[in-house]
Amino acid sequence: MNVATIKYYDIANGPGVRVSLYVSGCRNRCKGCFNKETWDFDYGTPFTEETQDAIIKGMEPSFIKGFSLLGGDPFEPENQAALVDFMERLRAAYPSKTVWAYTGYDFEQDLLTGKKGDINVTMRLLKCIDVLVDGRFVENLKNPNLLFRGSSNQRIILVGQSLERDEVVRLVTFTDRLYIRAFNESDEDALFGILGDAETMRYVEPAFDRQKTARFLRDFCIAEGKALAVEERESGRLAGYIMAKPSGEGRYELGWIFHRDYREKGYAYEAVNAVIDHIFNELGVFEVTASALEENEPSVRLMLRLGMKLSDTEREGGSRLMVYSKDKGNK
Ligand code: SF4
């Protein structure tokens, strides 16, 4: 295998400052590819022992947050074979730094089926990767505002969680402590732990029973995609639920419910703030709104902390519903 480029201080291909390895060789030939020279498997210089040692050394400083593997395409069969031992070495040397990888191939259709070389090698390589951005670059879906990817068809996949659950776990955005991702069927128990808790639900509606939670997860969260799961990165636990749904042209309505273990520790602020950034930057939205009963002081405080302003009040039973909003210009 040949190496097209190595960047020792890269900030464009994953969170934080990273070491990035661009391998040579790609058969995807995406229209509008900005790395055409790397299609050629002979482009660049050989991936020698010295090169590998230099990368491992380059990962040492504490400000290097992780490693990114790009191309070309690292999942071309010959590239997988050349990379797998090195990636296992890197993973063992830096277990707490994140590994991101990019491929033009499809995670389920091409990689998990063994279509791209020896499935054992593919699985070993995937087990070294935390986050995989998959799918070809599609020029007419190009959006420079997207998080760490070129076109909106490309998915950001949490690889370990996807392999463990046997379903694709799609990342939407993240913070230092949290992954904010799409919901999956396997979230039912954990979601019930939040929505089934009467104390947690006291300002929202009566606690959900099992059946209602399952229906809500299946229809609202997954099929309609109107909610996001907030997962604590360290433990993999579901910390909270964030509703994020269109409410008119250029507008989104937000709501949130967090597990009682994750209250008063800044998780809700961290997660909702990241979701607002995602909505403003990636979805072309110019206003978000959220509401809470007046007596729900923690939520009202959070809306203010998020920079939202009171825009309306409505009577709801014997109480007042406070509606707050924030527009993109007030970020
Ligand atoms: S997969 Fe990447 S390197 Fe290969 S053609 Fe597509 S954009 Fe270019």
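Residues are numbered from 1 along each chain, as its sequence is written. Because the model is predicted, local features need pLDDT of at least 70 and side-chain atom pairs count only at pLDDT 80 or more, while totals for chains, interfaces and linings use all residues.

**View 1. The shell around the ligand has 13 residues.** Cys-26, Cys-30, Cys-33, Gly-104 and Phe-137 come nearest. A residue is near a molecule if its C-beta atom, placed from the backbone, lies within 6 Å of it. By class, the shell has 4 nonpolar, 6 polar and 3 charged residues. Here Ala, Val, Leu, Ile, Met, Phe, Trp, Tyr, Cys and Pro count as nonpolar, Asp, Glu, Lys and Arg as charged, and the others, Gly among them, as polar.

**View 2. Asp-106 is in the loop between strand 5 (98-102) and helix 3 (107-111).** Helices (H or I, at least four residues) and strands (E, at least two) are DSSP runs, numbered from the N terminus. Asp-106 is partly exposed because 16 other C-beta atoms lie within 10 Å; buried would take 20 or more, exposed 12 or fewer, with C-beta atoms placed from the backbone. Leaving aside neighbours within four places in sequence, Asp-106 is in contact (C-beta atoms, placed from the backbone, within 7 Å) with Asp-134 and Gly-135.

**View 3. Helix 2 (residues 77-93) meets helix 4 (residues 119-126).** Their axes, lines fitted to C-alpha atoms over the stretch in contact, come within 9 Å and cross at roughly 40°, on a scale from 0 to 180 degrees between N-to-C directions. The two helices are therefore oblique to each other, a label for angles that are not under 35 degrees (roughly parallel), over 145 (roughly antiparallel) or 65 to 115 (roughly perpendicular). On the helix 2 side, the residues that meet helix 4 include Leu-83, Val-84 and Met-87. The residues of this contact divide into 6 nonpolar, 2 polar and 2 charged.

**View 4. Helix 6 (residues 188-195) packs with helix 7 (residues 210-223).** The angle is about 115°, and the axes are 10 Å apart. Glu-188, Leu-191, Phe-192 and Leu-195 of helix 6 make the contact with Arg-210, Thr-213, Ala-214 and Leu-217 of helix 7. By class, that gives 5 nonpolar, 1 polar and 2 charged residues.

**View 5. Leu-163 is found in helix 5 (residues 159-165).** Leu-163 counts as partly exposed, with 14 C-beta neighbours inside 10 Å. The C-alpha atoms of Leu-163 and Ser-24 are separated by 27 Å, and the two residues are 139 residues apart along the chain.

Note on methods: Two residues are in contact if their C-beta atoms, placed from the backbone, lie within 7 Å.
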